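Here are my notes on this one, as numbered points. Have a look at the model first, then read on.

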2 protein chains.
Amino acid sequence: MKHLLFLLFISFSNVCAQQSLDSGRSKEIRSPEINADNSVTFRVKAPNALKVVLQGDGLGAKGNVEMMKGEDGVWSYKTETLTSDLYSYSFLVDGVKLNDPNNVHQVRDVATILNVFLIEGGKADLYKVNNVPHGTIAKRWYNSKILGKERRLTIYTPAGYEQTKNKYPVLYLMHGMGGDEEAWSALGRAAQILDNLIAQGKAKPMILVMPNGNISQQAAPGESTDGFYKPTMQLPNTMDGRMEESFPEVIKFVETNYRADATKAKRAIAGLSMGGFHSLHISRFYPNTFAYVGLFSPAIMPFGKTTSAVYENFDTSLQKQKDNGYNLYWIAIGKTDFLYKSVADYRKKLDALGMKYTYVESEGGHVWSNWRDYLAAYAPLLF
Amino acid sequence: MKHLLFLLFISFSNVCAQQSLDSGRSKEIRSPEINADNSVTFRVKAPNALKVVLQGDGLGAKGNVEMMKGEDGVWSYKTETLTSDLYSYSFLVDGVKLNDPNNVHQVRDVATILNVFLIEGGKADLYKVNNVPHGTIAKRWYNSKILGKERRLTIYTPAGYEQTKNKYPVLYLMHGMGGDEEAWSALGRAAQILDNLIAQGKAKPMILVMPNGNISQQAAPGESTDGFYKPTMQLPNTMDGRMEESFPEVIKFVETNYRADATKAKRAIAGLSMGGFHSLHISRFYPNTFAYVGLFSPAIMPFGKTTSAVYENFDTSLQKQKDNGYNLYWIAIGKTDFLYKSVADYRKKLDALGMKYTYVESEGGHVWSNWRDYLAAYAPLLF
């Protein structure tokens, strides 16, 4: 009987994930293996391949290194010691992009799926799930009359939210071009960063609202009535003013559905790239709404033609924003960011207007590694 | 100036997703393409490959068909007309498992990542995001004193929950072996199924609680302090009685944190495979707690040794459950399910005890396609 149960157990284990589609996944291969010195070994079995390349920022020369084939048909590559960060990578096997079959941890960046791993012992400890109280991540739908659709947003309520009657300050956090309401929680590790900063006493407990900044979308690809389509960077109407025009609907939804402190002093907005653009223009167009503004590698002006009133009277509205007062206007960009010059020009404009801001210049370019850093630096300055 | 802006736009579009790692992804290739007759064409570019196989249940002979190479290095395969369902697949390129580089829509089944697509016009319309009011999906953490850890669950609150003061009935929905608190929402499309059934008036608005049934885990792989590890089916202590023993903590958490109707008449439990096992034993061990019990392809007895009191006095506790009364005891299994015989034996036991149940026998085996069906059939019978 015991023997039978054991056989049944084996059979059960083999069958009950339903699929036996994983014949290409070699169960014994460990990849990525994070070694004691924080070098990382990648392995992938491809016995018939002629060339296998590891692709990933910060993992080798120009993010593109050839792997070595072993006698067992397993290709491998060992990096130098890596600094603490969240890294993404994939393989290129004879020209075909392959995700690591031995690493189920992936993120989607627009239309590209990338494997991820994390090197601890430094800044990436903020991106880990640590043994601290955890907030709640929810996917909520709200109605936008202005955009004429039901729309989805991601909302983080901090640990303790449900146990108190307190009102909480709110940070609205905007994604970049090609992103959506999932970008900051998946690629940006926003929930983990906030959980950890709050637990360390470095940031105030706050609500984090991550809307979808693409007005053509209801929700992220696969999460709307558009079904399982192929995402693209080229979305219509991303910078035509209507996201800004409809933003009060997001604020109203949050402030009527959550215990949000509905005062200017307790509202912050920030965003990366196109989301920095949205943050700039939303905070300027509604010039007495946010006490804190964060522009992470921001785009400054709309790309393409627009006749929206949102982008008119730029200087006048900035002047109003200045006169109304704010606590923090925070700009960060990497030294090699392709938007560096336009941000430098924008700073000159702010200087000319006598508008105070904090400016942070980091290494690197237009990358998530920077945007996680910026969130981790910005959130502690709020409220 | 306009020209400059255009150039900047192009550069922006190319850079701002940060990665240029997608050199292996051919942007022009459409895969999967769902044709007008609901046949599906798969395509993958692999110019140097010697053999490319499409793997996927219901897509061809034994779920494993060779693709044909075209002159452009693109391999393709066109299926017969497919019936409405959510399908999963992957490729095998010269023995290496490859996810479709042109389809970002994926699910994780234990340690295997599979691409998905959906054929409309039948039962899969229930799995789509339709133009109906949407509930909220949240990832919540609760404390389990019995298991000595913070634990994560997925909770669905139906559309309208936040706009009313009503109390709602609760369905506890348990995953199978190797699954976790993400299985029912990702593979099971539980939120979409409930959104659609509720909108059609076929199911009552209800709260859906999807706990993590692996007592060794805090949360799904990658979502706990264990970090980004490789998932496995072989988790310790999955059937040693402690999940059942700790289950009142889940109920208490839900009934104190949500507007749950905390009466037996408004509590249901159901689960698939190991989750059917959990549902069977939890409902029997607390024999006056649930008015509705659903066993989807259930395991009946624990695999391996256990000395837990939970599995003692089986017949006595079933008798108690019967005497206390319930509204529905619902069992479903596929004709080719490897657990078919043990379920048949269990039905004999129920018959011998005179314990009423509804029995549904479907085609097919131990697969998500059936479990989604069972949820869609079971939820309308509740409350």
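1. Start with Met68(B), which sits opposite Ser76(B) in β6(B). Strands here are DSSP E runs of at least two residues, and helices are H or I runs of at least four, numbered from the N terminus.

2. Keep in mind that this is a predicted model: local features need pLDDT of at least 70 and side-chain atom pairs pLDDT 80 or more, while totals for chains, interfaces and linings use all residues. Residues count from 1 along each chain as written, chains are lettered from A and ligands numbered from 1 in the order written, and side-chain values use heavy atoms, without hydrogens and water.

3. Zooming out, the open sheet in chain B has four strands, ordered β1-β2-β6-β5, with antiparallel pairing. β1 (33-34) and β5 (68-69) of chain B are at the edges with a single partner strand each, so one side of each has no neighbour in the sheet.

4. Now the helices: the axes of α6 (residues 314-324) and α7 (residues 340-353) of chain B come within 11 Å and cross at roughly 60°; axes are lines fitted to C-alpha atoms over the stretch in contact, with angles from 0 to 180 degrees between N-to-C directions.

Technical notes: Two strands pair if DSSP finds at least two bridges between them.
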